[in-house]
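Please read the points below with the structure open beside you.

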Amino acid sequence: MSTRHPVIGVTVSRRSGWRIFPIMALNIWLAGGRAIRWQSDREIDLDAVDGVVIGGGDDIAPTLYGGELRVGVRLDPDRDELESSVLKEAFERNLPILGICRGSQMLNVVLGGDLHQDAYDVYDSRYYRTILPKKRVDVEEGSLLSRVTGKDCLKVNALHSQAVHKLGRGLRVAARDEGGMIQAIERIRDPMAIGVQWHPEHIFYRRAHRRLFKALIEAALARMASRGQLAAAHEEAAQAEQQRANLPL
């Protein structure tokens, strides 16, 4: 196994990246990696990274998945183009991926899925808009998300209006909220890719959410060593579970 810390490329908005990227970088550093900032007005080099985080932000243009444009929705076509390209190339390079909020939605769209533009009009889910962990999501039994977090339910934050509708190729549902809205997705084969509808970077003080970044780093280390990424994430999660079980009460 390489002793080099994995380098993770993080996509952020040109408007809010200055305040979001340091939080992302902290989470990645706590997990054992090093972050570099990507946005649509900067040069992107996927050969320089070992994994990718697609961050949150503006809504995704519905034209990317056959939807209709709506008045009053803030879009960023340059970022859409950037992240679509990054994800496609990440799959070609076998790079592990963590998608956060918008990033989870973009992961689904790039793999051929689509979105509910206003998910709260479709589901009987309570509307939250807070960075505090107040929303409950139920994690699917047997999912990688369940293994990584060690939880069958999570308290998460919520800042979104869009949500995954039809799943993209090779994806499965990993969590839903109380109204049935999809809150997390994951790939069933390498390269590892997990998408969560919430913002774990803001609740790093809770171990379950930090472990999403740890799973990404473990998958990146596995890729560097030409090992299976999903297997490595499962193995590390099992070791963490054993350590928790051995802690004194």
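1. A definition comes first: a helix axis is a line fitted to C-alpha atoms over the stretch in contact, and angles between axes run from 0 to 180 degrees between N-to-C directions. The model is a predicted one. In it, helix α1 (residues 17–31) packs against helix α5 (residues 207–224) at an angle of about 65°, and their axes lie 8 Å apart. The crossing of α1 over α5 is right-handed.

2. Which residues make the contact of α1 with α5? From α1 they are Met24, Asn27, Ile28, Leu30 and Ala31, and from α5 they are Arg210, Phe213, Lys214 and Ile217. Six residues of this contact are nonpolar, one is polar and two are charged. As a general point, an α-helix has 3.6 residues a turn, so residues three or four places apart point the same way.

3. Helix α5 has 18 residues and reaches 25 Å from its first C-alpha to its last, close to the 26 Å expected at 1.5 Å a residue. Of those 18 residues, 13 are buried, and α5 is mostly covered. Ser226, which follows α5, has a positive phi near 55°.

4. A second pair of helices is α2 (residues 77–92) and α3 (residues 102–110), whose axes come within 10 Å and cross at roughly 65°. This crossing of α2 and α3 is right-handed. On α2 the contact is made by Arg79, Asp80, Glu83, Ser84, Leu87, Lys88 and Phe91, and on α3 by Arg102, Met106, Leu107 and Val110. By type, the residues of the contact of α2 with α3 are five nonpolar, one polar and five charged.

5. Turning to the strands, why is β10 (residues 182–187) described as largely enclosed by the rest of the structure? The reason is that six of its six residues are buried; buried here means under 20% relative accessible area.

6. Strand β10 pairs with strand β9 (residues 171–177) in the antiparallel sense over five bridges.

7. The hairpin formed by β10 and β11 has five residues between the strands.

How values were computed. Residues numbered from 1 in each chain as written. Predicted model: local features only at pLDDT ≥ 70, side-chain atom pairs only at ≥ 80, totals over all residues. Heavy atoms only, no water. Helix = DSSP H or I, 4+ residues; strand = E, 2+ residues; numbered from the N terminus. Left-handed = near helix turned anticlockwise from the far one by under 90°. Contact = heavy atoms within 4.5 Å. Nonpolar A, V, L, I, M, F, W, Y, C, P; charged D, E, K, R; others polar. Buried < 20%, exposed > 50% of the residue type's maximum accessible area, 1.4 Å probe, protein only. Pairing = 2+ DSSP bridges. Expected span 1.5 Å × (residues − 1).
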